[in-house]
Amino acid sequence: MLDTVITGGNAVLPTGAVAADIGIAGDKIAAIGAPGQLAGLAGRTIDASGQIVIPGGIDPHVHCRWPMPTPGQTQHNLTDGPDRVSQAALFGGTTTMLDFALVDGDNTVQQAIERRQKEWASDCYCDYGFHVMVQGALEHTVPDQIAEAVQGGHASVKMFTTDITPSRKGRMVPFGSIWEVLKSLAKSGGIAAIHAEDNDIVMHMYDKLTREGRTGFENMAEVHNTLSEDLAFNRVIRLAANIEGSALYMLHTSAATGVRAIATARGNGTPIYGETLHQYLMYTAEDYKKPNGQIYHTYPSLKYAEDHAALWGGTNHGAIQCVATDEICCPLKYKLQGNRIDDTTGGNAGVEPRVSLIYTETVEKRGYDLTQFVNLVSTNASKILGLYPRKGVLAVGSDADIVLLDTRQRHTVRAADMHEADYSPWEDRDLACWPSLTMLRGKVMVESGSLKGALSDGTFLSRKVADEVRSRPAV
Ligand SMILES: [Zn+2]
């Protein structure tokens, strides 16, 4: 017996988009049939005529309730919590978010995870998981703790190869420690998520631009530059190439050099995957010069036209698998409080428009097929980061995380109409679709613009990366 049937839609199945009915029993997809085949078999029928039916979006990179370095203050403001961000996610068709569990102070990896899980329990409308984040010089016991975490379902570990700005000392993980963590991940079945910038080049450029009096944030692309991405990506890739079973997920790829490094390594059979951010696909360093240009910034930085072109090429040719937000949900006044190369806040409010924006930019503007679009906003993240086939796919046995994308009328982005920050970097953008319904594990969470779910609906997701994903560029 089915609880719900979604009928009449154009469903994006693993084999391609096709007219199909989807039957849901409990929290799972229980049947997929030809149009009309499941009619009358369920208590509720949802008419998806004229709409595209996709698996719920997965945003693999968000930061909820996260400290934002604040110029001149030791007490940092926090970004909005999962309660707010997950609501925005569901309105926009995203049903799963991956945030971070930061290992700081004297905490062990396990303690850091437990603390984060406590914070999120009953405070998130959608499903969620955490990348473990380690920073600074690591105690020699950390790689073993990481192996234990991977076995406990925390399949990815984030590390920085840079302090990012001179005032954020302590982020960078020394290369020897990265080596040890990669070895531990290779053995335990995890994947490394790397923020890769060459710290020497970045800090050199901070010194140089400060000396030259060019400290405005509009110069950010000169500091967090394409050479830095080239050197850091390739250095990490060479390190991983020396460790059997080492797999890499390159966070927020921003430059043509990064795309090339990933493409070359994939050509050599390296299991490496590229993430970029929606703002890197839609803006360049020229946009820093607009009024309130900080709203387009995320570290490393927006780059130039050729980088923009290479990132788009990567989404179409395999070097870039995922489009994330690097969500930092905060009021505009916080986003604007830094205006120098060394104090401008990174991250962006964008989890809500992400799916529809990427649909518009890929399917409508660039002629991508619906499968490519769904791969970029959902399926690939699921596969690479260990949620597949539970998430990211319309298939029998998968969680019934389902979104109806309505393409029958256009939608204009307005921060005032959305559920995250009081600004949007995409204000006034014309979108080709907007979700009319978002379902999480069989429960309708958002329908016709109203929230139906509860904060207790989101659950923590245990993740395990498939051996295939860790042994070759399988996605
Ligand atoms: Zn981030």
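User: Into which domains is the chain divided?

Analyst: This is a predicted model, in which local features need pLDDT of at least 70 and side-chain atom pairs count only at pLDDT 80 or more, while totals for chains, interfaces and linings use all residues. Residues are numbered from 1 along each chain as its sequence is written. With bounds that come from an automatic or database domain assignment, the chain is divided into domain 1 (2–55 + 397–451) and domain 2 (57–387).

User: How far apart do the C-alpha centres of domain 1 and domain 2 lie?

Analyst: The contact between the domains takes 31 residues from domain 1 and 38 residues from domain 2; two residues are in contact if their C-beta atoms, placed from the backbone, lie within 7 Å. The C-alpha centres of the two domains are separated by 28 Å.

User: Which element gives the largest share of the side of domain 1 that touches domain 2?

Analyst: Helices (H or I, at least four residues) and strands (E, at least two) are DSSP runs, numbered from the N terminus. Strand 2 (16–25), strand 5 (51–55), strand 18 (402–406), strand 21 (434–440) and strand 22 (443–447) each give two or more residues to this side. The largest share, four residues, comes from strand 21.

User: Which residue takes a positive phi in the hairpin of strand 21 and strand 22?

Analyst: Strands pair if DSSP finds at least two bridges between them. Four bridges join strand 21 to strand 22, and the two run antiparallel; L437 has E447 as its bridge partner in strand 22. The hairpin has two residues between the strands, and the residue with a positive phi, near 40°, is R441.

User: What is the bridge partner of E447 in strand 23?

Analyst: Strand 22 is joined to strand 23 (residues 450–451) by two bridges, in an antiparallel arrangement. Two residues lie between these strands in their hairpin, where S448 takes a positive phi near 45°. In strand 23, E447 is partnered by S450.

User: Is A20 buried or exposed?

Analyst: A20 is found in strand 2, and its contacts, leaving aside neighbours within four places in sequence, are A11, L13, I32, G33, A34 and P35. A residue is buried if 20 or more other C-beta atoms lie within 10 Å of its own, exposed if 12 or fewer, and partly exposed in between, with C-beta atoms placed from the backbone. Because A20 has 22 C-beta neighbours inside 10 Å, A20 counts as buried.

User: Which are the edge strands of the open sheet of eight strands?

Analyst: The strand order is 6-10-11-12-13-14-15-16, with parallel pairing. Within this order, three bridges join strand 13 (residues 191–195) to strand 14 (residues 248–250), and A192 is partnered there by L248 of strand 14. Pairing on one side only, the edge strands are strand 6 (57–59) and strand 16 (322–324).

User: Which residues of helix 10 are buried?

Analyst: What covers the buried residues of this helix includes helix 7 (226–241), helix 8 (256–267), strand 15 (272–277), helix 9 (278–282) and helix 13 (370–384). Just after helix 10, G318 takes a positive phi of about 100°. The buried residues of helix 10 are D307, H308, A310, L311, W312, G314 and T315.

User: How far apart are the end C-alpha atoms of helix 10?

Analyst: The expected span of a helix is 1.5 Å times one less than its number of residues. Helix 10 (residues 305–317) has 13 residues, so it should span 18 Å. In agreement with this, the end C-alpha atoms of helix 10 are apart by 18 Å.
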